[in-house]
Amino acid sequence: MTVRIIPATLRDLSYIAANLRPEDRAEIACQLDQWSPALLALTALQGFAYVAELDGNPEAGFGAAEQRGGLWIAWSWGTRRMRRCVPGITGFFHTVLGPQVAARGAWRVEARALATNELALRWLVRLGATQRCLLPGYGRNGEDFFLYDWTREGWNHVSVSKTTGTEASAANADGAGQGRAGARGGIAG
């Protein structure tokens, strides 16, 4: 089982968005009045966007986009096989994506997760994010969310070994061809 991180393409993100795991589909559906896999994929290409492939098949999309000067939104969603990609994405987040966002002058990076999406909530903590608050009724049908963030003061103190554990070394994430994908701009988290 080989995980490889590559720059996102519209094709790969569209495939992932059309095959979302139920937790991610629920989280996206309650934040947007109308959405389609193609629209979600196109929106995700703004800022830095990457795909995690598992044995050559796109299984997870993730990235970060600037909302305004210094404020970024991190995002991720995937298929049912995304869980197998998490260790590789976690390592890539710390070694590539985090430094890219910091180099662009980020003061704060936010992520929101549906309060019932337990995998996302645990993963955000493992990524070193701080849970800031409950967002009651944030979803369009009254669903609760949690707001997490990384601030410039905090993200330099989280060690990669503490957040990725031994899983990252087993993931064999391929660093070839990584770079900036898409145009600079904002997306809905």
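Before anything else, one term: two strands count as paired here if DSSP finds at least two bridges between them. With that settled, hello everyone, and let me walk you through this predicted model.

I'll start with a pair of strands. Strand β4, residues 71-78, runs parallel to strand β5, residues 108-114, and three bridges join them.

Now let's zoom out. Those strands sit in an open sheet of seven, with mixed pairing, and the order reads β1-β2-β3-β4-β5-β7-β6. At the edges you'll find β1 (3-7) and β6 (130-135), each pairing on one side only. On average, neighbouring strands in this sheet are turned by 25 degrees against each other, ignoring direction.

So what lies across β4, β5 and β7? That's helix α2, residues 22-29, running at about 110 degrees to β5. Helix α4, residues 86-103, also packs on the sheet, and its contacts take in β1, β2 (48-54), β3 (57-68), β4, β5 and β7. The direction of α4 makes about 160 degrees with that of β2.

Last topic: cysteines. How many disulfides does the model have, counting sulfur pairs within 2.5 Å? The count comes to zero. Cys30 has a relative accessible area of 4%, and because buried means under 20%, Cys30 is buried. Cys133, at 30%, is partly exposed, since that class lies between the 20% and 50% limits.

That's my tour, and I'm happy to take questions!

Methods
Residues numbered from 1 in each chain as written. Predicted model: local features only at pLDDT ≥ 70, side-chain atom pairs only at ≥ 80, totals over all residues. Heavy atoms only, no water. Helix = DSSP H or I, 4+ residues; strand = E, 2+ residues; numbered from the N terminus. Axes fitted to C-alpha atoms, helices over the stretch in contact; angles between N-to-C directions. Contact = heavy atoms within 4.5 Å. Disulfide = S-S within 2.5 Å. Buried < 20%, exposed > 50% of the residue type's maximum accessible area, 1.4 Å probe, protein only.
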